[in-house]
Amino acid sequence: MMDAWPGMGKETNMELHITCIPGDGIGPEIIAEAKKVLEKVAACYGHQMVFTDILMGGASIDAYGVPLTEESIQTARAADAVLMGSIGGDTTRSPWYKLPPNLRPEAGLLAIRKALNLFANLRPAVLYEELAAACPLKEEISRAGFDMLIMRELTGGLYFGERKTVEENGVRKAIDTLTYDENEIRRIAVKGFDIARKRRKKVTSVDKANVLDSSRLWRKVVEEVAADYPDVKLEHMLVDNCAMQLVKDPAQFDVILTENMFGDILSDEASMVTGSIGMLSSASLNDSKFGLYEPSHGSAPDIAGQDIANPIATVLSAAMMLRYSFDLDREADAIEAAVKQVLKEGYRTGDIHSSGCKKVGCSEMGSLLAERIR
């Protein structure tokens, strides 16, 4: 594993060990196209891709009776990074959802996140010029475009605090505890500033410091971390204001750094203003260079096996993997440039198709992207 942030894409002849989780639904199709693009990157830049597939989710339930085996966890842990397709199925029809919650497909995802200590969630939200018409915001806002990344703390805060429901004097009362310690805040802040250095060198730290003690500690620790990054601009923003600014002026944001619940809400808001969930990549990182990379969309079982899924989110997740787990920035740039070029040439899968564009399937889109890697 690599623990530093070396040379920004200058490494050559690297052997990249990647565990792939095709998963369920359209997962195997979109992972196949991401591999196709990565193989072309390897050929162009002198690397070797070593892929090892494991089962997780419904596929693992069918094969082993559980959503994730210990052997699969160990295989993932031994790799440099994990690239995942999608997990789950039709919750109303699939027999997987008649099982106890701890044996359903999504339990595998929770288990691997815990086993790999993935505490930092990255959700880019990019509005491509060619897809601006799909943006629900006013034209004068969408015309400016935006390219932001929301970094959400994933393993602490309100979702993981002590909780209970009691009855006092005949009245039911629910209690959820929001807790962060300075170490949890510091490690996610360091990730945020490191990644801002690879982007436009601006961090917007989002909190509710006018009300919450946890947010006041968050703000103080983030400022301490910022002192080690004089080249990165830091601003603070209250979460309610941030929610408004995302629809008023999204172009102002570069890296949004925030805690678990705020990040959950804001990342969903940001994904919707892009106008297309089929284009959204994501990553979850631990405290080394290791990460799990996956599209933000689901398994879409209704279109599985029909060669009509959009592989771009998975391909962009692979680009994130090259950038953040391997520091191969040139190679990541090449993938992102290929996506922009294919869109500029008018090629679209069904989910983003519009009048005058050329409709293609999942496999053809993957081939088009691979052909444009330079």
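**Helices and sheet**

Author: Let us begin with a helix on a sheet: helix α7 (residues 213-226) lies across β5 (146-153), β8 (202-207), β9 and β10 (255-258), and runs at about 170 degrees to β9. Helices (H or I, at least four residues) and strands (E, at least two) are DSSP runs, numbered from the N terminus. Axes are lines fitted to C-alpha atoms, for helices over the stretch in contact, and angles run from 0 to 180 degrees between N-to-C directions. The model is predicted, with local features needing pLDDT of at least 70 and side-chain atom pairs counting only at pLDDT 80 or more, while totals for chains, interfaces and linings use all residues. Residues are numbered from 1 along each chain as its sequence is written, and side-chain values use heavy atoms, with hydrogens and water left out.

Reader: In what order do the strands of the open sheet lie, and which stand at the edges?

Author: Two strands pair if DSSP finds at least two bridges between them. Here the open sheet has 10 strands with mixed pairing, in the order β2-β1-β3-β12-β11-β4-β5-β10-β8-β9. At the edges stand β2 (48-53) and β9 (233-238), each with a single partner strand, so one side of each has no neighbour in the sheet. From one strand to the next, the twist averages 25 degrees. Strands β1 (residues 15-23) and β3 (residues 81-86) run parallel and are joined by 5 bridges, and Ile18 stands opposite Ala81 in β3.

Reader: How do α1 and α10 cross, and which residues make the contact?

Author: Two packed helices are described by the angle between their axes and the distance between the axes. For α1 and helix α10 (residues 312-324), the axes come within 8 Å and cross at roughly 45 degrees. The two helices are therefore oblique to each other (under 35 degrees counts as roughly parallel, over 145 as roughly antiparallel, 65 to 115 as roughly perpendicular, and the rest as oblique). Contact, meaning heavy atoms within 4.5 Å, is made by residues including Ile30, Ala34 and Leu38 of α1 and Val315, Ala318 and Leu322 of α10.

Reader: What are the distance and angle for α1 and α11?

Author: The axes of helix α1 (residues 27-45) and helix α11 (residues 329-344) come within 11 Å and cross at roughly 130 degrees, which makes α1 oblique to α11. Val37, Leu38, Val41 and Tyr45 in α1 meet Arg330, Glu331, Ala334 and Ile335 in α11.
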